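Welcome, and thanks for taking a look at this one with us.

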Amino acid sequence: MVLAEYNQCVDAYADKAYRFALKLCGNREMASNVVKAAFAHLWSIKEGLAPKEVKKTLFKTCYSQLVLKRVGESNSSAVNTSTPPDGNSLTYLVDKGLGNLPAKQKAILMLRDYEGFSYEEISMITEMDIIQVKSLMYRSRKALKSYIVKNRFSV
């Protein structure tokens, strides 16, 4: 990977990686630092990295830094990144529901439904067995659906 390709990766994935990190940790500064570190890591391994592996590597780095090391200490001080609802805003309920999920479930749901990764790619990113990924995905969707149904008219 040369500098021009790296800059294209930054343009293509920086916002997505930041959104992913922010949803996981709820702290803007930490999310920004994690994304910066992930891109620094990407640059450090640029020689042996195939272009189609860049996105997976970037998200794996963000995930590793947040879920495996930092989310436990920052989860209690997470900030709400959504705006207050003007009514029964479904987006607001989804954001609140995501905030109630455990970190691994939230990460898997976001990687699959927000970023479009396959189960195999999520398994590689999270270093979990594919059966575990599918199980956590089912539980995440079930919990999110339950939260939305329960709170749809009480917001």
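Buried here means a relative accessible area under 20%, and exposed means over 50%, with partly exposed in between. Please keep in mind that this is a predicted model.

**The cysteines**

With that cut-off in hand, Cys62 counts as buried because its relative accessibility is 0%. Cys25 has a relative accessibility of 1%, so this residue counts as buried too. Do the two sulfurs pair up, or are they too far apart for a bond? For Cys25, the closest cysteine sulfur is that of Cys62, and at 9.9 Å the gap is too far for a bond. A disulfide needs the two sulfur atoms within 2.5 Å. The structure as a whole holds zero disulfides.

| Residue | Relative accessibility | Class |
|---|---|---|
| Cys25 | 1% | buried |
| Cys62 | 0% | buried |
| Ile108 | 0% | buried |
| Lys46 | 16% | buried |

**The nonpolar core**

Which residues touch the most other members of the largest nonpolar core? This core has 45 residues, and the ones with the most such neighbours are Phe20, Phe39, Cys62, Tyr63, Leu66, Ile108 and Leu111. Two or more residues come from each of helix H1 (3-25), H2, H3, helix H4 (90-100), helix H5 (103-114), helix H6 (119-126) and helix H7 (130-151). H1 is the element that gives the most, with nine residues. The core also draws on both domain 1 (1-74) and domain 2 (84-154), taking at least three residues from each.

**A closer look at Ile108**

Ile108 sits in helix H5 and counts as buried, because its relative accessibility is 0%. Setting aside neighbours within four places in sequence, what is Ile108 in contact with? Its partners are Ile122, Thr126, Met128, Val133, Leu136 and Met137. For one of these, Ile122, the C-alpha atom is 6.9 Å from that of Ile108, although the two residues are 14 residues apart along the chain.

**A lysine in a loop**

Let us finish with Lys46, found in the loop between helix H2 (28-44) and helix H3 (54-74). Is Lys46 buried or exposed? Lys46 counts as buried, because its relative accessibility is 16%. Its side chain makes a polar contact with the side chain of Glu47, at 3.5 Å.

Conventions:
Residues numbered from 1 in each chain as written. Predicted model: local features only at pLDDT ≥ 70, side-chain atom pairs only at ≥ 80, totals over all residues. Heavy atoms only, no water. Helix = DSSP H or I, 4+ residues; strand = E, 2+ residues; numbered from the N terminus. Buried < 20%, exposed > 50% of the residue type's maximum accessible area, 1.4 Å probe, protein only. Polar contact = N/O pair within 3.5 Å; in protein donor to acceptor, adjacent residues only side chain to side chain. Core = buried A, V, L, I, M, F, W, Y, C linked by side-chain atoms within 4.5 Å. Domains from an automatic or database assignment. Contact = heavy atoms within 4.5 Å.
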